[in-house]
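Student: I would like to learn how to read the features of a protein model. Could you take me through them slowly, giving the general idea and then the case at hand?

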Amino acid sequence: VSWLSDPSNFACNVLPKFHTPDHNGGVYDSIEQYHEIMQQLRIGITWWNGYSHLNPSCNHGSKGKRCNRVLYPTNNSPENCRVKNCNRQVQFACSDTYHRGGICSKCCDKYKKNLRGSPGNRCSSSVYDGIVQKKDLVDGQFTLNSVTSRNPPSWKVNWKTTKHLALNNIVGLIPLRTKGDSLKESDSLIWAEVVVTNSGYNESRNEWEQRKNGVLTVSMFDYGVDNSEKIQIGDYVAVIDCF
């Protein structure tokens, strides 16, 4: 979990930039440098949404709408932390320089702890709880039921069109001792992809109905012995949606 919430892996102002041709005619110093930069950028793009769900966002409001951009690390902000009674210097701020309301590093850690905490209005809405109902040893698939967000939105979700837990979404699974346990930075993530739940005729077309009813099927990326033994039928599991 610490990897997924670490700005050094995903923040746009920290990741390397694409190189442009210089006066010497060279773009990259070596093939190795090119592949290293491309790998960092692919990882940053692929897991960006998962990272954003576990980090504090900008609370600047305008015309009834909140910014909600993820706060970026910064070292040159002249402002103080937005948290009440905290006068430390801002170290995480919005990419829009006109938006005030950044936070210090200590308060950022508190926000992150709340976002991965037990169900409630401070937890991330993209962290879900579920119970393993079925386990397919051949395909490396798990079917979860009673899947619910730890902080459901105030509006009714349209599961037919929403990107939340949609087909092909990448999700991180974390086995829990009890339902709703807070996630720790040291928790290991088991990566998987949301797939169609086998439910009979025309299952692919109507798969959204399964998610609406709290049923979710995922296929593990690395279905080795170690990962398969970590999750058993009847286990409680946390799901981090990285759509």
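Tutor: Let us begin with the strands: a closed barrel of six strands runs in the order S5-S6-S9-S8-S7-S10, and the pairing is antiparallel. From one strand to the next, the twist averages 45 degrees, where axes are lines fitted to C-alpha atoms and angles run from 0 to 180 degrees between N-to-C directions. This is a predicted model, in which local features need pLDDT of at least 70 and side-chain atom pairs count only at pLDDT 80 or more, while totals for chains, interfaces and linings use all residues. Residues are numbered from 1 along each chain as its sequence is written, and side-chain values use heavy atoms, with hydrogens and water left out.

Student: What does pairing mean, and how many bridges join S5 to S10?

Tutor: Strands of a sheet pair through backbone hydrogen bonds, either parallel or antiparallel. Strands here are DSSP runs of type E with at least two residues, helices are runs of H or I with at least four, and both are numbered from the N terminus; two strands pair if DSSP finds at least two bridges between them. Strand S5 (residues 127-136) is joined to S10 by five bridges, running antiparallel, and in S10 the bridge partner of Ile131 is Tyr236, while that of Tyr128 is Val239. S7 and S10 also pair in the antiparallel sense, over six bridges, with Val237 of S10 as the bridge partner of Pro175.

Student: Why is S10 described as largely enclosed by the rest of the structure?

Tutor: A residue is buried when its relative accessible area is under 20%, exposed when over 50%, and partly exposed in between (1.4 Å probe, protein chains only). Five of the six residues of S10 are buried, so this strand is largely enclosed by the rest of the structure.

Student: Which residues touch the most other members of the largest nonpolar core?

Tutor: A nonpolar core is a set of buried Ala, Val, Leu, Ile, Met, Phe, Trp, Tyr and Cys residues joined through side-chain atoms within 4.5 Å. The largest one has 20 residues, of which Leu4, Ile174 and Ile240 touch the most other members. S7 and strand S10 (236-241) each supply at least two residues of this core, and the largest share, three residues, comes from S7. Apart from it lies another core of 19 residues, among them Trp159, Ile190, Val194 and Trp208.

Student: Where does Asp187 lie, and is this residue buried or exposed?

Tutor: Asp187 lies in the loop between strand S7 (170-176) and strand S8 (190-195), and it counts as buried because its relative accessible area is 16%. Contact means heavy atoms within 4.5 Å, and, not counting residues up to four places away in sequence, Asp187 touches Val1, Ile174 and Ser182.

Student: Which residue forms a salt bridge with Asp187?

Tutor: A salt bridge is a side-chain nitrogen of Lys or Arg within 4 Å of a carboxyl oxygen of Asp or Glu, and the structure holds five. Asp187 forms one with Lys184, the closest N and O atoms being 3.5 Å apart, and Lys184 counts as partly exposed because its relative accessibility is 49%. Another joins Arg150 to Asp129, with the closest N and O atoms 2.9 Å apart, and both Arg150 and Asp129 are buried.
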